[in-house]
Amino acid sequence: MKKLPGNPANNTALFLDFDGTLVNIAEKPELVVVPDDLLATLSKLSAKLDGALAIVTGRGLDVIRSFLPLPGLVVAAEHGALLDPPSASSATLPVPPAEWRRAFEQFVQSHPGALAEHKVHGLVLHFRLAPDAADAARCLAEELVSQDREKFRVVPAHAAVEIRPVGADKGRAVRSLMQRDVFRRRVPIFIGDDVTDEDGISACQELSGTGYRIPEDFDGSPDELRAWLQRWAGEDVSSAV
Ligand SMILES: O=P(O)(O)OC[C@H]1O[C@H](O[C@H]2O[C@H](CO)[C@@H](O)[C@H](O)[C@H]2O)[C@H](O)[C@@H](O)[C@@H]1O
């Protein structure tokens with residue numbers, strides 16, 4: 001376990017993952033609960049960091065904006081495939097073929113409890129409520145991606161498997177955001193919980209920053225992270241956790 005900075009420097013650029021990091025994992029993607037005070041904490045921290053705070057998530061852009069409706073909050077959605085505000089130079093990534101979307105829907109029909117999540121550039125097959133379908137879900141994703149490995153890849157997720165464009169990863173998102181005036185010359189910190197967050201942590205380390213992991217550094221608990229963020233934001237956390 002790394003020692004957490006009690007009071008991180010104000011020249012930090014802070015990159016936060018969403019699911020399993022800012023909010024607890026839920027049985028279905030739409031069931032996550034955003035605690036009442038989280039928006040106020042993020043808003044205060046963003047102001048403290050002069051806007052150098054970004055949410056870097058696998059969620060779709062509209063979805064994350066609906067969970068965190070904070071004007072001016074920088075977001076990298078779909079693992080960095082979509083930046084908001086967008087980059088002038090952002091490359092256009094491919095979208096999955098309609099047949100792949102249909103194949104996921106057919107899978108869901110024949111595997112009760114499984115869920116298909118459709119994003120602009122990616123597709124997720126969730127099996128948290130259908131654990132027996134895990135192997136078949138992974139096989140289907142691999143089979144589809146084998147048709148176009150130049151453009152797409154399969155990425156494991158928490159109780160899910162995702163098809164994602166080659167070139168969409170959280171490290172790329174961090175490097176791109178760090179070139180913006182708001183983030184440039186700051187010390188980046190990435191906080192995440194999952195294998196997809198490792199790209200973001202590595203990018204921060206390359207840029208002389210660091211990363212923290214929920215399992216090791218926050219006792220496996222988004223509650224602990226939120227309390228730490230609240231203290232950093234200057235809030236009273238005595239009754240918050
Ligand atoms: O990058 P993140 O913000 O961590 O998003 C990763 C994926 O999170 C969501 O799925 C995961 O969380 C769900 C809600 O807790 C859970 O039900 C599911 O089992 C997890 O895999 C989201 O649905 C995906 O789109 C994100 O890529």
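A residue is buried if 20 or more other C-beta atoms lie within 10 Å of its own, exposed if 12 or fewer, and partly exposed in between, with C-beta atoms placed from the backbone. By that count, helix α6 (residues 197–206) has these buried residues: Asp197, Asp199, Gly200, Ile201, Ala203 and Cys204. Helices (H or I, at least four residues) and strands (E, at least two) are DSSP runs, numbered from the N terminus. This is a predicted model: local features need pLDDT of at least 70, side-chain atom pairs count only at pLDDT 80 or more, and totals for chains, interfaces and linings use all residues. Residues are numbered from 1 along each chain as its sequence is written.

**Nonpolar cores**

- A nonpolar core is a set of buried Ala, Val, Leu, Ile, Met, Phe, Trp, Tyr and Cys residues joined through C-beta atoms within 7 Å.
- The largest such core has 43 residues. Leu14, Phe15, Ala54 and Val174 touch the most other members.
- Phe15 touches Ala54, Val56, Val174, Pro188, Ile189, Phe190, Gly200 and Cys204, leaving aside residues up to four places away in sequence. Contact here requires C-beta atoms, placed from the backbone, within 7 Å.
- Another core, of 19 residues, lies apart from the largest one. Its members include Leu115, Val124, Ala133 and Ala137.

**Around helix α6**

- Which elements cover the buried residues of α6? They include β1 (12–16), β2 (53–56), α5 (170–177), β9 (187–192) and β10 (210–213).
- The axes of α5 and α6 come within 6 Å and cross at roughly 40 degrees. Axes are lines fitted to C-alpha atoms, for helices over the stretch in contact, and angles run from 0 to 180 degrees between N-to-C directions.
- The α5 and α6 crossing is right-handed. A crossing is left-handed if the near helix is turned anticlockwise from the far one by less than a right angle, and right-handed if clockwise.
- From α5, Lys170, Gly171, Val174 and Arg175 take part. They meet Asp197, Asp199, Gly200, Ser202, Ala203 and Cys204 of α6.
- The residues of this α5 and α6 contact divide into three nonpolar, three polar and four charged. Ala, Val, Leu, Ile, Met, Phe, Trp, Tyr, Cys and Pro count as nonpolar, Asp, Glu, Lys and Arg as charged, and the others, Gly among them, as polar.

**Other helix pairs**

- Helix α3 (residues 98–110) packs with helix α4 (residues 134–145) at about 165 degrees, with axes 11 Å apart. That angle makes α3 roughly antiparallel to α4. Angles under 35 degrees count as roughly parallel, over 145 as roughly antiparallel, 65 to 115 as roughly perpendicular and the rest as oblique.
- Trp100, Ala103 and Phe107 of α3 make the contact with Ala137, Leu140 and Leu144 of α4. Six nonpolar residues form this α3 and α4 contact, with no polar and no charged ones.
- An α-helix has 3.6 residues a turn, so residues three or four places apart point the same way.
- Helix α1 (residues 38–48) and helix α8 (residues 222–232) have axes that come within 9 Å and cross at roughly 45 degrees. That makes α1 oblique to α8. Their crossing is left-handed.
- Leu38, Thr41 and Leu45 of α1 meet Arg226, Leu229, Gln230 and Trp232 of α8. This α1 and α8 contact has four nonpolar, two polar and one charged residue.

**Backbone features**

- Most residues other than glycine have a negative phi, and most peptide bonds are trans.
- The peptide bond from Asp84 to Pro85 is cis, with omega near 0 degrees. Pro85 sits in the loop between β4 (82–84) and α3.
- Asp50 is not a glycine, yet has a positive phi of about 50 degrees. Asp50 lies in the loop between α1 and β2. Asp50 counts as partly exposed because it has 13 C-beta neighbours inside 10 Å.
- His79, also not a glycine, has a positive phi of about 60 degrees. Its loop runs between β3 (74–77) and β4. Is His79 buried or exposed? With 27 C-beta neighbours inside 10 Å, His79 counts as buried.

**Ile64 in helix α2**

- Ile64 is in helix α2 (residues 61–67). Ile64 counts as buried because it has 23 C-beta neighbours inside 10 Å.
- Ile64 touches Phe18, Ile55, Thr57, Arg59, Val75 and Ala77, not counting residues up to four places away in sequence.
- Ile64 and Phe18 are 46 residues apart in sequence and 8.4 Å apart in space, C-alpha to C-alpha.

Conventions: Contact = placed C-beta atoms within 7 Å.
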